[in-house]
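Dear colleague,

I am handing over the structure we spoke about, shown directly below.

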Amino acid sequence: MKHALADLTGRVCVVTGASRGIGRATAEGLGELGARLVLVCRKAEDGAEVAAGIATAGGHTPDVVSCDLSSQASIHTAAAEILAKHPRLNVLVNNAGVLLRSREVSVDGFEMQFAVNHLGYFLLTNLLLGALKAGAPARIVNVSSGAHQGGRLDFNDLQSQRRYEPIRVYSMTKLSNILFTHELALRLEGSGVTVNAVHPGVIATRLLANYLDVPLVGGPIARAFGGKPERGAETILYLAASPEVAGITGGYFVNRQESRSSPASYDETTARRLWDVSAQLTSLA
């Protein structure tokens, strides 16, 4: 079934982790729809390469904003840069993420997966919310993962100091993305801004290759570990641009279909507690 995507000419779309993998494929897809893009990338030179390709393909030349999403100071700086140029935003795709084999700590003292995969989403989104409301109707897309299934939050060990198992921690952060989506949807009710989470599928990206310690190459090896990034971007683009989902909020989508996420993801008490803790950890409380 073909799903029509709207013309995004004049619409401003922010994509994090836009220099490679699913984020790059998403940015390129939005560019083809005519969007004015803001590419949030760890390395400005990588973002510039993607921006040049989008411009060469006939899209608007994207803005590139350098940001280390593990650093809250860097997120504040990036958000200020975005808002200075774009007081109205129409789409925010929170895509950047990490999956680390051993425990690392961010510059702010938080476990790195939790810092990037959850707190990065939480802080950047909240800093840009005013511009998204000003640009309403607007959409937020949080890239989660089917790996959230089985994930649990231990509020006594959110930083995984007592126990660090990479996939367990990753699952917890991806569950956090969905809990954040549900709570944010409630808080945005009536604002004209929707927020949905997505499982992009198992995709052959550098995140997966680094974790598995295999080369990121084409052909059979890549296919053995997941689909192409363009495949992973399909549902993200659907949520960002399809008229079919206008007004739908608080959902979890797989293969462009709204689906049930794990039972734990619907725990409203946990979602509110995670929001409150996250606000404290990002100094927004």
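What follows is an account of what was found, beginning with the chain as a whole and then moving to individual sites.

The model is a predicted one, in which local features need pLDDT of at least 70 and side-chain atom pairs count only at pLDDT 80 or more, whereas totals for chains, interfaces and linings use all residues. Residues are numbered from 1 along each chain as its sequence is written, and side-chain values use heavy atoms, with hydrogens and water left out.

The chain overall

The secondary structure of the protein chain comes to 9 helices and 8 strands, where helices (H or I, at least four residues) and strands (E, at least two) are DSSP runs numbered from the N terminus. Of its 285 residues, 54% count as buried; here buried means under 20% relative accessible area, exposed means over 50%, and partly exposed lies in between, with a 1.4 Å probe and protein chains only. Among the contacts (heavy atoms within 4.5 Å) between residues at least 6 apart in sequence, 74% join residues at least 24 apart.

Salt bridges

The structure holds 9 salt bridges, each being a side-chain nitrogen of Lys or Arg within 4 Å of a carboxyl oxygen of Asp or Glu. One of them joins the side chains of Glu-49 and Arg-24, with an N to O distance of 3.9 Å, and this pair links distant parts of the chain, since Glu-49 is in helix 2 (residues 44-56) and Arg-24 in helix 1 (residues 21-32), 25 residues apart. Glu-49 counts as partly exposed because its relative accessibility is 48%, and Arg-24 is likewise partly exposed, with a relative accessible area of 26%.

A further salt bridge is formed by the side chains of Asp-68 and Arg-42, at 3.0 Å from N to O. Asp-68 lies in the loop between strand 3 (63-66) and helix 3 (72-85), while Arg-42 lies in the loop between strand 2 (36-41) and helix 2, so the pair ties together parts that are 26 residues apart in sequence. Asp-68 is partly exposed at 23% relative accessibility, whereas Arg-42 is exposed, with a relative accessible area of 58%.

The side chains of Arg-231 and Glu-234 also meet in a salt bridge, at 2.6 Å from N to O, and both residues lie in helix 8 (residues 229-241), 3 residues apart, which is about one turn of the helix. Arg-231 counts as partly exposed at 40% relative accessibility, as does Glu-234 at 28%. Salt bridges that share partners also join Arg-24, Glu-28 and Glu-49 into one network.

Ser-145 is placed in the loop between strand 5 (138-143) and helix 5 (166-187), and it is buried, with a relative accessible area of 11%. The side chain of Ser-145 reaches the backbone nitrogen of Ala-147 at 2.9 Å. Not counting residues up to four places away in sequence, Ser-145 touches Tyr-170, Lys-174, Val-198, His-199 and Tyr-252.

His-199 lies in strand 6 (residues 193-199) and counts as buried at 17% relative accessibility. A polar atom of the His-199 side chain lies 2.8 Å from the backbone nitrogen of Gly-146. Leaving aside neighbours within four places in sequence, the contacts of His-199 are Ser-145, Gly-146, Tyr-252, Phe-253 and Val-254.

The axes of helix 4 (residues 112-134) and helix 9 (residues 268-281) come within 10 Å and cross at roughly 85 degrees; axes are lines fitted to C-alpha atoms, for helices over the stretch in contact, and angles run from 0 to 180 degrees between N-to-C directions. The two helices, helix 4 and helix 9, are therefore roughly perpendicular to each other, a label given to angles of 65 to 115 degrees, with those under 35 counted as roughly parallel, those over 145 as roughly antiparallel and the rest as oblique. The contact is made by Phe-114, His-118, Leu-119, Phe-122 and Asn-126 of helix 4 and by Leu-274, Trp-275, Ser-278, Ala-279 and Leu-281 of helix 9.

Trp-275, found in helix 9, is buried, with a relative accessible area of 10%. The C-alpha atoms of Trp-275 and Phe-180 are separated by 6.8 Å, although the two residues are 95 apart along the chain.

Methods. Polar contact = N/O pair within 3.5 Å; in protein donor to acceptor, adjacent residues only side chain to side chain.
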